[in-house]
Amino acid sequence: MIRSKIKWAALGGLILSLLSLLVHLLLANNSTSTAVLRRSNAWQGNTEAVTLIINRESPRFRRLWGNVKPLESLQPYANPRIKYPEANEHNNGFIYAKIFGGFEKIRSSICDLVSISRLLNATLVLPEIQESTRSKGISSKFKSFSYLYDEDQFIAALAKDVIVVKSLPNNLKDARKSNKFPIFKPKSSATPNFYIKDVLPKLRKNKVVGLVLTDGGGLQSILPPSMAEYQRLRCRVAFHALHFRPEIQALGHRMVESVGCVRNSSPLMNRLRAWGQPYLSLHPGLTRDALAYHGCAELFQDIHTELIQYRRAQMINQGILKDDLIVDSHMKRANGSCPLMPEEVGLLLRAMSYSPRTIIYVSGSEIFGGQRVLIPLRAMYSNIADRTSLCSKEELSSLIGPETSLPSDEFQPPPRKSKKQLEEEWKKAGPRPRPLPPPPDRPIYKHEKEGWYGWITERDTEPDPSLSDLRSQAHRLLWDALDYIVSLEADAFFPGFNNDGTGSPEFSSLVMGHRLYEMASVRTYRPDRKVLIDLLSNISDHLYHPRRNWTIAVQEHLNRSLTEEGLVKQSRLSKPTSFLSHPLPECSCRTSESAEIPIPVKDKGERLLYGGEDECPKWMKHSLATVSKTTISKESANAGESESQEDDTDLDGQQESDETGTDSSPPSTQDEEMDPDD
């Protein structure tokens, strides 16, 4: 009897143990699923709260995201105002061009090419973009121009201005292949007289000339007032004719759009505006070439410093740069010649009272230093996004098209060295920043011998780029195109590096110019880096605990940069080097007669930089007035519904609370004098 009871008790205990184990497994599985879901939506915050509470009519929202009132009268107007004869096939001949450089130089060079073709009354052959030729290993599905831009749209949009053809006639192709026609290599500062006097006679004689553009353009930025029509032509090319191919445009707009999600191999990812929240686009401008040109090597450490210095030495040898190899990087930084670091941008945005949950899109196919330099920014703003977090691998690879596969492992292990050789290398290794070789008793790992890490620790010369490197450079054009679309659509744009002084266009300046043309009143910051670096230097000992007066100084400077004051200052710096970065006044008009007309600003040569825009036509005024009335009525209705909401509600729609475990109160409330050692 007792044994029977013991058996039943043991059986009951076993059953209870199994039930307990099953419950624990279910709880663990549920918590894991919840954790994965939370991680997948980490950068979006509490989306339901965003949808319900966000108040776009509050003063706080308007202060950080609203339009800039003084610039609302500026409207895009690049249509022909002087009727010149339409282009026809009976002209002086053909212009064939090769364009070298990255995304920014390509875009600027194409605009100049069209203007040059119009100036010489010539037919333009679709230019060859060297970064995307077949020799780079790109898909055979594309020609070099069609890899990035829509050929048919480009040809159709310019039909009345310039005849554009996809290739030379058959009777001229052989002459091109054997280089029998004249080839010119104009600088970006070339004048119209150069083309009229030097190029046009050769064009009439040979019926075809070649141009090689390497400086990001082939025609001076500021043209005489009599050639204002050619400035407008540049705008029509850049902002109306140069459309990315449909696949790029579709994916770029999907990254921004506010509908639905995209499925990936991992949990769901949402687009930037999936929950109706505004976002800010940041372009850090941290490229190896820019850092090398300006001598900013000492802002980085170890191997990165040497990589920058090696590129600087290359520029000096090639005649691109006429300066010393060794310069004081901290002095350059103080002069505003170096990019702002992401950490510094985060501090500035915090001073502007942008919420820690603000969505920030980081653009730029190259960020020198990698994700390491973004760590401080991510610590301040958790909702950081880029193309890899918004697009699946399948979506990105679909833009590239079918390509031949490369060897999966190109790494060749070096010949084994004796212990004596290793000891000698260790003793003879030079001073930093050149990294020391591994100690003799430690094995050499694979990553220490491949890529840039390998050559910089072993030799003094950079090896020629491999096919994989060339292909990656071509892919960067696609990533830059996606970033360009997202940056144009952003509710606010902040440049980490513009007006770099090289004389060549850069990504941030082109984005700022495009936003100025299409929507001048949308928030585009135009900071003076010299002023900002001076402000940041004043709090170098307590960066994260600034005083109240420092915060006010930052806010005043950045708010001024949004208005006409910042625009005038920008025009003096950017327009002389790149017209597309400041397409005013030729490509805009003003809609309001009652608006205060700005005083025209001219450069040293008495050429107009800002002000003097024509009055917009009546049909445009009527259209804008209709849209304005509709907007005002909607705003009044929304304002009536949301009067009870406080103006200081967090922009992400979430009330700040100490219970969250993080200090996420608006930065403006933290700027009181504090002891940084508390």
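Start by selecting Cys589 and Cys616: the torsion about their S-S bond is about 95°, so this disulfide is right-handed. Cys589 sits in strand β15 and Cys616 in the loop between β18 (614–615) and α24 (618–641), so the pair ties together parts that are 27 residues apart in sequence. Show the sulfur atoms, and you'll find them 2.0 Å apart. A disulfide here is a pair of cysteine sulfur atoms within 2.5 Å. In general terms, such a link is a covalent bond between the sulfur atoms of two cysteines.

A quick word on what you're looking at. This is a predicted model, where local features need pLDDT of at least 70 and side-chain atom pairs count only at pLDDT 80 or more, while totals for chains, interfaces and linings use all residues. Residues are numbered from 1 along each chain as its sequence is written, and side-chain values use heavy atoms, with hydrogens and water left out. Helices (H or I, at least four residues) and strands (E, at least two) are DSSP runs, numbered from the N terminus.

Are Cys589 and Cys616 buried or exposed? Cys589 is buried at 0% relative accessibility, and Cys616 is buried too, at 3%. Buried means under 20% relative accessible area, exposed means over 50%, and partly exposed is in between (1.4 Å probe, protein chains only).

Stay with Cys589 and switch to cartoon view. Its bridge partner in β18 is Asp614. Two bridges join β15 to β18, and these strands run parallel. Two strands pair if DSSP finds at least two bridges between them.

Next, select Cys235 and Cys587, which are joined by a disulfide with an S to S distance of 2.0 Å. This one links distant parts of the chain: Cys235 is in helix α8 (residues 228–241), Cys587 is in the loop between α23 (564–574) and β15 (588–590), and they are 352 residues apart. With 90° about the S-S bond, the link of Cys235 and Cys587 is right-handed. Both of these cysteines are buried.

On to Cys296 and Cys338, another disulfide, with sulfur atoms 2.0 Å apart. Here the torsion about the S-S bond is -100°, and the link is left-handed. Cys296 lies in the loop between α10 (288–294) and α11 (302–317), and Cys338 in the loop between α12 (329–334) and α13 (342–351), so the pair ties together parts that are 42 residues apart in sequence. Cys296 is buried at 0% relative accessible area, and Cys338 is buried at 1%.

How many disulfides does the count come to? It comes to three. Number the bonded cysteines in sequence order and the pairing reads 1-4, 2-3, 5-6. Cys111 is in no disulfide; the nearest cysteine sulfur, that of Cys235, is 8.4 Å away. Cys111 counts as buried, at 0% relative accessibility.

Finally, zoom right out. The chain has 24 helices and 18 strands, and buried residues make up 49% of its 678 residues.
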